[in-house]
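Reader: I have a model on screen and want to learn to read it. Can you walk me through the features one at a time?

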Amino acid sequence: MSTALLNSQSCHSLADWLCYIEQNHPVHQIELGLERVLQVAQRADLQLLPGKIILIGGTNGKGTTACCLEQLLLAQGFSVGVYSSPHLLTFNERLRLNGKDVADADWASAFAFIEQLRGDTALTYFEFTTLVAFRLLQQQQVDFCLIEVGLGGRLDATNIVTPDVSVITTVDLDHQDWLGNDRETIGREKAGIFRLGGATVIGELNPPQSVLQHGAALQCNTMLVQRDFHYSERADSWQWQSSSAVYNGLPLPAMPVQNAACALAVLQQLAVLPTPEQLHAVLTHLTLPGRMQWLQQRPGVIVDVAHNPQSAAYLAAQLQRLKPRFARIVALTGMLKDKDIHQTLLPLTQLFDQWHLVSLGGARGASAQQLADNLSAATAQVHLHADVQQAYLQISAELQPDELLVVFGSFFTVSAVLAGSQEAT
């Protein structure tokens with residue numbers, strides 16, 4: 001494919017289409033609002049998705065909650081589509097149909113349809129790709145559509161659908177340039193996915209009053225964690241209960257139990273709770289790329305997309321459990337400069353024996369020096385790097401069998417390491 005400017009007539013492959021829409025509206029440019037995307041969607045009723053629709057918002061935990069829901073529904077014999085963003089390695093990951101990424105040719109065909117449908121209406125990158133995914137979901141007529149909110153909720157392109165269940169996993173400070181500078185304001189934006197009289201699930205352990213008040217004002221049928229459903233963890237198992245079901249002795253999944261508990265509440269709202277046997281089987285094998293993902297064991301390498309204070313605190317708790325197993329723990333991190341870098345690194349500051357800070361490119365990328373400036377309390381060695389993959393190769397060559405490398409800070413950092421690992425194999 002040429003790097004010259006494309007027009008829609010010259011687009012044939014998925015790569016062509018992605019280049020075309022990136023040229024017209026770069027992916028890092030964000031314009032919230034529903035007017036444009038709804039105007040185009042209504043021309044083909046794309047906002048009317050098939051089956052039951054679950055709209056999943058939250059600061060952290062959207063991907064893991066969606067993955068848990070997907071696997072529990074598939075285990076019961078339902079057909080399931082999952083729309084998520086961003087992707088780690090390939091754009092195809094953004095839509096899974098019955099557990100499989102959509103093929104290039106199907107994406108390309110749907111892009112061509114939306115390009116013709118939009119006419120002269122300008123769409124952002126996310127609006128365009130969301131409508132393309134909705135077109136594919138309509139064609140497949142799945143039983144359940146699991147839709148992850150891109151940013152916020154109220155003005156996010158995904159919010160043109162009418163969900164059967166609206167979900168808020170967690171609420172924390174992130175995307176403050178667009179959503180606000182405090183949890184109450186951010187919570188109000190996320191609660192914008194609620195509907196009048198609709199079913200909702202709130203998995204946040206300390207929900208902002210704005211979320212609860214908005215749900216009450218809309219007379220939502222709400223299931224709130226530790227009020228309408230409960231979970232508790234032990235060293236080697238966990239338990240979940242509600243007014244309808246009790247599950248004991250559950251295997252700990254490779255994801256926050258809070259998100260698995262949230263997923264079960266969603267299934268209760270939909271009256272499709274799994275059998276204990278189905279739940280055990282799914283939790284035992286549940287994994288999601290880029291979330292506490294082990295790339296190798298000796299020496300250990302873990303990648304995690306933690307990029308805000310809440311997700312970093314969870315990562316820190318997991319590493320505290322792992323620390324006794326390793327002689328040394330090393331960090332490789334790159335972040336975006338619009339994140340709360342200081343508060344994200346803070347819970348991890350004393351965990352690592354060595355820090356490798358890397359600059360990320362692009363308009364939003366933070367420099368390694370910016371990260372170092374936010375690590376003033378670190379007592380470990382700090383090294384600065386210009387490139388993620390080069391840094392990873394250097395660290396890997398020096399890593400001893402009894403040491404652990406943890407790669408985190410951004411989807412961009414993790415995806416670069418995953419891409420490099422695939423090339424090496």
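**Reading the sheets**

Author: Start with an open sheet of six strands, in the order β12-β13-β17-β14-β15-β16 and with mixed pairing. Keep in mind that this is a predicted model.

Reader: Which strands stand at the edges, each with a single partner strand?

Author: They are β12 (293–296) and β16 (381–385). Each has one partner strand, so one side of each is left without a neighbour in the sheet. From one strand to the next, the twist averages 20°.

Reader: In what sense do β15 and β16 pair, parallel or antiparallel?

Author: Parallel. Strand β15 (residues 354–358) and β16 share five bridges. For a residue-level handle, find histidine 356, which stands opposite histidine 383 in β16.

Reader: Which strands does helix α11 touch?

Author: Helix α11 (residues 309–322) packs on the sheet and touches β12, β13 (300–303), β14 (328–333) and β17 (403–408). Its direction makes about 175° with that of β17. Helix α14 (residues 388–398) also packs on the sheet.

Reader: How many bridges join β2 to β3?

Author: Three. Strand β2 (residues 80–83) and strand β3 (residues 95–97) run antiparallel. Tyrosine 83 has leucine 95 in β3 as its bridge partner.

**Reading single residues**

Reader: Let me zoom in on α3. Is threonine 65 buried or exposed?

Author: Threonine 65 is found in helix α3. Its relative accessible area is 0%, and buried means under 20%, so threonine 65 is buried. Leaving aside residues up to four places away in sequence, threonine 65 touches Thr169, Met255, Asn259, Cys262 and Ala263.

Reader: And a loop residue? Where does asparagine 308 lie?

Author: In the loop between β13 and α11. Asparagine 308 is buried, at a relative accessible area of 1%.

Reader: Which side chains make polar contacts with the side chain of asparagine 308?

Author: Among them is that of asparagine 60, at 3.0 Å. Another is the side chain of serine 311, at 2.8 Å.

**Reading a helix pair**

Reader: At what angle do the axes of α7 and α8 cross?

Author: At roughly 35°. The axes of helix α7 (residues 183–190) and helix α8 (residues 209–217) come within 7 Å. From α7, Arg183, Glu184, Gly187 and Arg188 meet Gln209, Ser210 and Val211 in α8. The residues of this contact divide into one nonpolar, three polar and three charged.

Reader: What about glutamate 189, buried or exposed?

Author: Glutamate 189 lies in helix α7. Its relative accessible area is 15%, and it is buried. The C-alpha atoms of glutamate 189 and leucine 151 are separated by 9.4 Å, though the two are 38 residues apart along the chain.

**Reading aromatic pairs**

Reader: How is a pair of aromatic rings described?

Author: By the distance of the centres and the angle of the planes. This structure holds 15 aromatic pairs. In one of them, the rings of phenylalanine 91 and tryptophan 107 have centres 4.8 Å apart and planes at 70°, so the pair is edge-to-face. Phenylalanine 91 sits in the loop between β2 and β3, and tryptophan 107 in helix α4 (residues 104–118), 16 residues apart. Both are buried.

Reader: What kind of pair do tryptophan 294 and phenylalanine 326 form, stacked or edge-to-face?

Author: Stacked, at 6.4 Å centre to centre with 25° between the planes. Tryptophan 294 lies in strand β12 and phenylalanine 326 in the loop between α11 and β14, so the pair ties together parts 32 residues apart in sequence. Tryptophan 294 is partly exposed, at 28% relative accessible area. Phenylalanine 326 counts as buried, at 13% relative accessibility.

Reader: Which residues form one aromatic cluster?

Author: Trp17, Tyr20, Phe91, Trp107, Phe111 and Phe128.

Key: Residues are numbered from 1 along each chain as its sequence is written. This is a predicted model: local features need pLDDT of at least 70, side-chain atom pairs count only at pLDDT 80 or more; totals for chains, interfaces and linings use all residues. Side-chain values use heavy atoms; hydrogens and water are left out. Two strands pair if DSSP finds at least two bridges between them. Helices (H or I, at least four residues) and strands (E, at least two) are DSSP runs, numbered from the N terminus. Axes are lines fitted to C-alpha atoms, for helices over the stretch in contact, and angles run from 0 to 180 degrees between N-to-C directions. Contact means heavy atoms within 4.5 Å. Buried means under 20% relative accessible area, exposed over 50%, partly exposed in between (1.4 Å probe, protein chains only). A polar contact is a pair of N or O atoms within 3.5 Å; within protein, one must be able to donate a hydrogen and the other to accept it, and residues adjacent in sequence count only if both atoms are side-chain atoms. Ala, Val, Leu, Ile, Met, Phe, Trp, Tyr, Cys and Pro count as nonpolar, Asp, Glu, Lys and Arg as charged, and the others, Gly among them, as polar. Rings of Phe, Tyr and Trp (its six-membered ring) pair if their centres lie within 6.5 Å; planes under 30 degrees apart count as stacked, over 60 as edge-to-face and the rest as tilted.
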